[in-house]
Amino acid sequence: MKKNDVILQTVTKIVFFIILTFGVELFLAGHNSPGGGFIGGLVLSSAFVLLYLVYDIETVHRGTPFDFKRVAALGVLLAVGTGMLSIVFGEPFLTQTTWLVDLPVFGETELGTMTIFEAGVALTVLGVVVTIILGISEDVE
Amino acid sequence: MVGRRILLEFVLLIFLPVIFAILVPFAYKKIKGIHTGWFVFLVPLVLFGYYLSFLPLVMDGGHASSELNWIPSLGIAFTSYIDGLSLLFTLLITGIGSLVVLYSVFYMDREKEDLGSFYVYLLIFMTAMLGVVQSDNTMTLYLFWELTSISSFLLIGFWYTKDKSRFGALKSMMITVFGGLMMLGAFILLSIMGETFSVRELIAQAPELVSQPYFTLALILLLLGAFTKSAQFPFYIWLPDAMEAPTPVSAYLHSATMVKAGIYLVARFTPIFGTSSTWIWLVTGIGLLTLFWGSFFAVKQTDLKAILAFSTVSQLGLIMSLLGAGAISYHATAAMFGFATYAAIFHLINHAAFKGGLFMIAGIIDHETGTRDIRKLGGLMSVMPISFTVAAIGSLSMAGLPPFSGFLSKEMFLESMVALRHFELFNFDTWGIMFPIVAWIASVFTFTYSLYFVLKTFMGQKKFDKLPKQPHEAPIGMLISPMILATIVILVFFIPNVVGKWIIKPAVMAIQPTLYANPSAIDIHVKAWHGFGAVGLWLTIGVIAFGTLLYLTIPKWQPLYRIQPDKLSLNEGYDALMRGSEKGLNRVSRLYMTGKIRTYLLYMFAFMSVSIIALLFIKDAFVVDMNSFSAITLYGSLNAIVLILSVGFVVFAKSRLAAIIALGGVGYSVALFFVIFKAPDLALTQLVIETVSVALFLLAFKHLPALSSHGETKRIKVVNLIVSLSVGVMVTLVALSSHSQKMIPSISKYYKDTVESEAAGGNIVNVILVDYRGFDTLFEIAVLAIAGIAVLGMIRLRVSRKEPNDENK
């Protein structure tokens with residue numbers, strides 16, 4: 001029987017971006033409302049897992065030309081980097097700080113170094129979850 | 001007491017042999033033409049000469065001491081303390097050491113033997129022995145003590161390709177190290193009681209030590225150390241097996257020096273423990289028992305060295321019993337008991353001289369005829385006249401005949417034992433009669449085996465055709481040492497009082513420092529002839545008469561030895577102990593180490609629940625405060641029912657798929673609990689994580705074998721049920737009681753107050769995660785990353801591990 005996944009693939013094309021947006025929303029909103037790097041990263045990875053389920057691994061690899069192992073490594077590096085940065089400024093390791101900045105589109109916005117830390121968390125989670133699932137499923141094949 | 005200033009720090013001399021040992025391998029490897037023994041010979045000879053210079057000082061009752069700090073913060077130093085007793089032993093070690101090295105030059109073959117190792121071990125031993133007898137610090141005494149055990153182990157196993165050598169070495173090691181450790185215990189107890197490691201300071205405190213609670217324990221532990229080293233009953237069993245060592249080693253270690261370390265220890269600690277009746281009974285009693293046992297079994301042996309080994313055991317028992325009797329002088333003023341100590345030291349010197357010589361003769365016979373089996377030997381007198389003469393002198397001295405030194409000390413021994421009868425304390429008046437009887441019977445046997453040793457070997461018919469080699473007299477170099485020792489044996493008989501004045505009296509004074517002001521105050525004059533009224537004379541005549549009779553009738557009473565079956569011997573006991581402990585421990589560890597994780601988890605959980613429930617019970621810590629609970633909501637209870645049902649389903653599910661799905665149900669209802677208890681971040685995370693992990697379970701599910709019972713019987717299931725129930729009860733109890741009694745207020749108020757002002761955020765959970773406690777988060781993502789790497793590694797490396805297997809094919 002020939003597989004016909006047209007509906008699934010079409011739906012995925014739309015849903016993928018909705019999930020990505022939701023993940024980014026969760027990630028950015030984390031400091032003031034429920035969400036944050038961990039959940040954000042998990043949701044992002046679930047989007048990719050969906051892609052892998054619907055399309056085959058080769059196809060997704062062509063569309064996403066990055067290695068998820070490196071994503072994870074980059075995440076840990078970012079998180080450690082923010083900690084190191086505070087040492088450079090003479091503060092204890094992992095001291096976070098915020099600035100109020102007037103941005104052109106968003107208006108007055110609060111920017112903080114914890115966002116970078118959170119980005120590290122999110123990238124690590126994304127990278128690790130996708131790596132594990134890919135690793136196991138490749139082994140299964 | 002007089003001290004003498006000595007320019008040289010003579011404590012360093014203890015280490016001279018071991019320092020010289022470093023050079024021995026070079027001499028052995030580089031200088032091929034000369035026997036290495038000649039270089040080594042210098043060391044004990046020089047030391048002997050040097051230590052002789054202490055004689056005048058010690059004769060006046062003086063002593064010399066010299067110290068080398070080792071661990072000052074713990075009060076541990078190498079302290080060399082030379083008084084009469086130390087000097088006596090030092091002279092024995094260096095003197096007989098010189099003779100043994102000289103003998104070994106001719107005994108050990110330059111081409112065939114690994115002389116480098118031999119002399120290194122021997123020199124290490126020499127240092128160790130010097131250290132034992134000169135140390136004033138108990139800790140360094142113990143250090144040197146163990147060094148004698150180790151070097152003796154190396155020397156017994158010198159011909160390590162032979163099974164019997166290795167067996168003998170291991171056996172002696174096990175027994176002497178056991179004793180050594182016991183002795184360490186005694187030293188530690190003594191240092192706790194007296195707050196010092198110094199033997200001299202301990203002796204000074206002796207009257208206060210007696211009433212201390214650990215006194216008797218320290219006494220018994222110390223005696224265990226002394227008895228194992230000096231081969232007393234029942235620890236003598238290692239000595240006959242140690243005869244696998246090269247003969248110079250047997251002569252040196254196992255007759256003259258190392259086995260006397262225990263004697264030294266007993267003598268050295270007599271001023272501390274001698275006042276105790278336990279000490280007197282144990283030392284005298286065990287000594288006499290050993291004397292009798294060793295002399296009785298010596299006649300059974302067929303190997304020359306085994307006869308000598310049993311004879312050594314027996315003679316050591318004799319010296320030991322005399323030391324025990326000497327301790328009585330702390331209770332009774334009768335001069336007879338001071339006499340016993342004198343006799344002990346006297347016999348110690350005699351024994352070292354004649355036994356060293358006899359061992360060397362046994363080695364010569366082995367060397368020249370190729371066998372030590374007494375049944376194959378006979379009629380060697382005409383072929384080896386010098387060896388015969390020396391052997392005869394040694395044996396007759398051992399038997400206690402005039403005109404040899406053994407006669408004097410043996411007679412003194414018998415008289416001391418007779419005197420014990422008159423001692424009225426500690427039940428000696430009722431049991432005392434046993435001592436002279438046992439001593440006399442043992443002397444008869446001693447006489448018998450002495451005759452047996454010398455007559456069976458040198459007299460009788462010649463059986464040269466059965467010998468591996470054609471016998472002939474040994475080279476003169478090999479005979480020098482035993483000849484010197486035989487000369488000493490005769491010389492001492494004629495000048496006993498000179499030896500007494502120079503060496504014995506200072507040693508006696510060291511053993512009983514409180515009884516005499518100086519050595520010349522010891523009023524003992526040794527005479528060979530006491531007149532017909534002396535008890536000793538008649539006893540000796542009896543010994544000679546009965547001993548000769550026993551010797552002539554050996555074939556008639558030898559079957560007596562078969563009464564004791566081999567299975568009940570002490571050696572068999574040792575073997576059974578070794579085998580049994582190995583097997584038993586194996587069985588015990590196999591009993592609980594099943595190799596199954598289930599079993600280990602069972603231990604852990606059972607222990608955990610039992611100990612914590614017991615703790616709650618003992619400390620009366622279980623409290624339930626109903627007021628601290630919040631109201632039960634409808635959603636909460638419904639969700640709890642769902643949760644319990646799902647958990648029950650997981651446990652009782654028949655298929656794995658059902659269990660996985662039920663587990664998902666558990667996870668989602670926990671997420672719902674997070675919602676109900678107002679933890680949105682947790683709920684979100686829990687939902688996603690649960691989804692991912694269920695997906696992973698399903699991925700793994702495909703490859704798992706069908707659910708099996710893993711061989712679980714009903715009984716195991718019941719045990720599992722009990723343990724899991726108890727863990728559940730334990731956790732519930734702990735949770736309830738820790739909820740009900742909060743000792744410290746929560747710190748969450750601080751977070752609530754400062755989350756806006758300090759951290760510029762509204763989500764407390766997230767701010768705690770990334771700001772207040774970002775450090776934890778950092779390592780959590782590190783854990784995550786490591787897990788990812790590990791998963792990949794496990795999958796990838798499994799593939800690469802197969803490759804080498806393929807190559808093997």
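**A cis proline loop, helix pairs and a chain interface**

Pro234(B) is found in the loop between α10 (215-229) and α11 (238-241) of chain B; here helices (H or I, at least four residues) and strands (E, at least two) are DSSP runs, numbered from the N terminus. The model is a predicted one, in which local features need pLDDT of at least 70 and side-chain atom pairs count only at pLDDT 80 or more, while totals for chains, interfaces and linings use all residues. Residues are numbered from 1 along each chain as its sequence is written, chains are lettered from A and ligands numbered from 1 in the order in which they are written, and side-chain values use heavy atoms, with hydrogens and water left out.

The peptide bond that joins Phe233(B) to Pro234(B) is cis, with omega about -5°. Ala231(B) sits in the loop between α10 and α11 of chain B, and its phi is near 55°, a positive value in a residue other than glycine. For background, most residues other than glycine have a negative phi, and most peptide bonds are trans.

Turning to the place where the chains meet, 37 residues of chain A are in contact (heavy atoms within 4.5 Å) with 34 residues of chain B. Between the two chains about 3000 Å² is buried, and carbon and sulfur atoms give 76% of this area. Buried area is the accessible area (1.4 Å probe) that two parts lose on being put together, summed over both. Across this interface there are 9 residue pairs in polar contact, both residues at pLDDT 80 or more. Such a contact is a pair of N or O atoms within 3.5 Å; within protein, one must be able to donate a hydrogen and the other to accept it, and residues adjacent in sequence count only if both atoms are side-chain atoms. On the side of chain A that touches chain B, α2 (37-54), α4 (68-88) and α5 (113-140) of chain A each supply at least two residues. The largest share, 17 residues, comes from α5(A).

Side chains of opposite charge can pair when their charged atoms come close. One salt bridge is formed by the side chains of Arg268(B) and Asp83(B), at 3.0 Å from N to O. Arg268(B) belongs to helix α13 (residues 261-273) of chain B and Asp83(B) to the loop between β2 (76-82) and α4 (84-107) of chain B, so the pair ties together parts that are 185 residues apart in sequence.

The axes of α18 (residues 405-420) and α21 (residues 476-494) of chain B come within 7 Å and cross at roughly 55°. Axes are lines fitted to C-alpha atoms, for helices over the stretch in contact, and angles run from 0 to 180 degrees between N-to-C directions. Angles under 35 degrees count as roughly parallel, over 145 as roughly antiparallel, 65 to 115 as roughly perpendicular and the rest as oblique; α18(B) and α21(B) are therefore oblique to each other.

Definitions and conventions. Salt bridge = Lys/Arg side-chain N within 4 Å of Asp/Glu carboxyl O.
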